[in-house]
Amino acid sequence: MTTTPMTLTLEQLSAPPGDRATGLASVDLGTATVEIPIVLVNGARPGPRVGVTAGIHGAEYVSIAALRRVAMEIDPAEMTGSLVASLISNPAAFAARSIYVNPLDGRNLNRSFPGDPAGSPTERLAAWLWSRVIEPSDRFIDCHCGDMNEALLSFTGIEETGDPEVDRVARAMAEAYGLDFIVIGPTAGSTTTAAAAAGIPAVLGEVGGQGLWPEEDVALHAAGLRRALHAAGVLPDPGDGPRRASRVLPLEAWLRSDVTGCWHPAVSVGQEVTAGQVLGEVQDPFGATLRTVEAPLSGVVLFLVSSLAMNAGDPLLAIGA
Ligand SMILES: [Zn+2]
């Protein structure tokens, strides 16, 4: 455990103890320079440093709105330790309203960690976020939601590293979030998997999707994030009463399409399905069946792609069990 330095700095930003700093950090991605909005909150008392990112996927608006709210509303005088918040972590994807990928090179930022400072634009962006926001932190939280084309039930994601203290803190943050499910398992190249591999307790939070940011979803995510920051040791108990117990899902299956066509799901998000059940069809433009998609295991539909357009290689849905 490190303690917060007297003054918290990131690039040109500087927050003395008991204060907040905001500003844009310029990040050179080789073919372009992007500007990431950063909030530093330096608590009045030293303690853990927590890194939080939102907008790793540029069109995941609930997470972006919720992190901004929490980072700007925290009272530094009530804080023990510090928060480093990256509000829109993939600015080119945000500007382009891009699904999944960074338009600068067509890569998925959340499959690119810990990144490469001499690599492609997305690899450079991952390396900057890794070195400035994630790796210097004692705990890490990554705020997501369903993408512009995805509906989902709320869940947190953690993994089991085998380090009892890392796993204990990650599990405590996930339980404090109080969302519908806790999904356990790694995703190669993701923020949280890279953090966990480096011994940093990390949690993924997912609320909402489909390019919308209704107040009820933003409030749900913001409240969960505040409780997770309490579990991380930097905020007092928000005192919003007993939280829901999340259903723990140790297994997760992502189903992807191997053909391009039109996606006609036969199930809805949150639905319980049984192994072998037909989940939907990918059809050609005239309605002929290209693929029938069946459940590989029994469980609950965690997220579901809601766009008619389906590309070979894209996710269709995920089942947790
Ligand atoms: Zn995402």
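## Basis of the values

In this predicted model, local features need pLDDT of at least 70 and side-chain atom pairs count only at pLDDT 80 or more, while totals for chains, interfaces and linings use all residues. Residues are numbered from 1 along each chain as its sequence is written, and side-chain values use heavy atoms, with hydrogens and water left out.

## Zinc site

The zinc ion takes its protein donors from H57 (ND1), E60 (OE), E60 (OE) and H144 (ND1), at 2.1 to 2.3 Å. Donors are N, O and S atoms within 2.8 Å of the metal (3.2 Å for Na, K and Ca); water is not among the atoms, so sites may look incomplete. Along the chain the donor spacing reads H-x2-E-x83-H.

Angles among the 4 donor atoms run from 57 to 145 degrees, and the site is irregular. Four donors are tetrahedral if all angles lie between 85 and 135 degrees; four are square planar and six octahedral if opposite donors are over 155 degrees apart and all others between 65 and 115; anything else is irregular. Both H57 and E60 are buried, a term for under 20% relative accessible area, with exposed over 50% and partly exposed in between (1.4 Å probe, protein chains only).

## Cysteines

The model has 0 disulfides, where a disulfide is a pair of cysteine sulfur atoms within 2.5 Å. C143 is in none, and the nearest cysteine sulfur, in C145, is 9.8 Å away. C143 is buried, at 0% relative accessibility.

## A strand hairpin

Strands β16 (residues 278-283) and β17 (residues 289-294) pair antiparallel over 5 bridges. Pairing requires at least two DSSP bridges between the strands; helices (H or I, at least four residues) and strands (E, at least two) are DSSP runs numbered from the N terminus.

G280 lies opposite V293 of β17. The two strands, β16 and β17, form a hairpin with 5 residues between them, and G287 in the turn has a positive phi of about 105 degrees.

## Aromatic cluster

The whole structure holds 3 aromatic pairs. Rings of Phe, Tyr and Trp (its six-membered ring) pair if their centres lie within 6.5 Å; planes under 30 degrees apart are stacked, over 60 edge-to-face, the rest tilted. Y61 and F94 are edge-to-face because their planes stand at 90 degrees, with centres 6.2 Å apart. Y61 sits in helix α1 (residues 61-73) and F94 in helix α2 (residues 91-96), 33 residues apart.

Y61 is buried at 14% relative accessible area, and F94 is partly exposed at 32%. Y61 and W213 are also edge-to-face, with centres 5.6 Å apart and planes at 75 degrees. W213 lies in the loop between β11 (202-206) and α6 (215-231), 152 residues from Y61, and is exposed at 53%. Y61, F94 and W213 form one aromatic cluster.
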